[in-house]
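The tour starts at a pair of helices and then moves on to single residues.

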Amino acid sequence: TQKNAELSIIAKQAQLDNLSAQLNPHFLFNSLNSIKSLVIENPKIARRAIDLLSDILRSSLYEKDTSFITIKNELGLVKDYIELEKVRFEERLNMSIMMDDDLEGYMILPLSIQLLVENAIKHGIDKRKNGGTIILSIIEKDQYIKIVVQNPGNLTDNGSETGIGIKNLTKRLLLQYDNEASFILKNETKDQVTATLTIPIRKK
C-alpha cells in the first residue's frame, strides 16, 4: 500500500541519516589525533592543520543533509584531507588522481572517496616504514562510475576490510542504490590493495 511505501522511505532515510552522523565523529577523532602531536612540536604547522580540519568539517557538515555530492566537491575534500595527513606523514604519503574533467559534475555519496582514501592511509601507508603512493582513478563505463583506490599493503595484515568506515559505506550503498552499486576490496597483488566502488551514473 501507499502508506507502507511511505513508511519504508521514511525508515530508509532515517537509516541513512544515522549512518551519515557516524562519519564525522570518526573522521574528527582520527584528524585530532594527527594534530595533537604537532601542537608542541611545530605550532605553525599545527595551525595550518587546524585550518585544514576546519575547512574539511565545514564542507562535510554543509553536505551532510544531502544524499549526494558532486565528484568535484568530494575531491576538494579529499585534497584537503591529504594535505592534512601530509602534515603527519610528510614525504611518506603521496597521491595521484586520474580522472576526466567531464566527470566533475557527476553525483556520488558524500565522503565515499574520502573514506576509501582514509582507509588506504590507515591500513596501507601508515603500516609501511617508507609509506607509499595512493592512486585514485575515476572512470565512466557502461552507465556506471567506477572509483578505484589503490594503495600498498596486504589485507591479511590488518582489519581494513572489516572496519567501521567500510561497513558504513557498504550499508549506505545498499540503502541508496539497492543492488545496483557494488564495492570490492581485494589484494590485486601480494603488496597492493585495490578498493573498487561502482555506482550508477547520476548527473547534477
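Start with H5 and H6, which are roughly antiparallel to each other (an angle over 145 degrees counts as such). This is a predicted model, in which local features need pLDDT of at least 70 and side-chain atom pairs count only at pLDDT 80 or more, while totals for chains, interfaces and linings use all residues. Residues are numbered from 1 along each chain as its sequence is written, and side-chain values use heavy atoms, with hydrogens and water left out.

**The helix pair**

Select residues 112–123 for helix H5 and 164–177 for helix H6. Helices are DSSP runs of H or I with at least four residues, strands are E runs with at least two, and both are numbered from the N terminus. The two helices pack at an angle of about 155 degrees, with axes 10 Å apart. Axes here are lines fitted to C-alpha atoms over the stretch in contact, and angles run from 0 to 180 degrees between N-to-C directions.

Now show the side chains between them. Ser112, Leu115, Leu116 and Asn119 of H5 meet Gly165, Ile166, Leu169 and Arg172 of H6; contact means heavy atoms within 4.5 Å. By class, this contact has 4 nonpolar, 3 polar and 1 charged residues. Ala, Val, Leu, Ile, Met, Phe, Trp, Tyr, Cys and Pro count as nonpolar, Asp, Glu, Lys and Arg as charged, and the others, Gly among them, as polar.

Stay on H5 and colour by accessibility. How many of its 12 residues are buried? The count is 11, where buried means under 20% relative accessible area, exposed over 50% and partly exposed in between, with a 1.4 Å probe and protein chains only. His123 is one of the buried residues.

**Helix H4**

Next, select residues 71–89, helix H4. Its 19 residues should span 27 Å at 1.5 Å a residue, and the end C-alpha atoms are 26 Å apart, which agrees. The expected span is 1.5 Å times one less than the number of residues. Buried residues in H4 include Tyr81, Glu85 and Phe89.

**Three positive phi angles**

Most residues other than glycine have a negative phi. Step just past H4 to Glu90, where phi is positive, about 55 degrees.

Jump to Gln143, in the loop between strand E4 (132–141) and strand E5 (144–152). Its phi is near 65 degrees. Gln143 is exposed, at 59% relative accessible area.

Finish at Asp178, in the loop between H6 and strand E6 (182–189). Phi there is about 55 degrees. Asp178 is partly exposed, at 46%.

Terms used
Angles under 35 degrees count as roughly parallel, over 145 as roughly antiparallel, 65 to 115 as roughly perpendicular and the rest as oblique.
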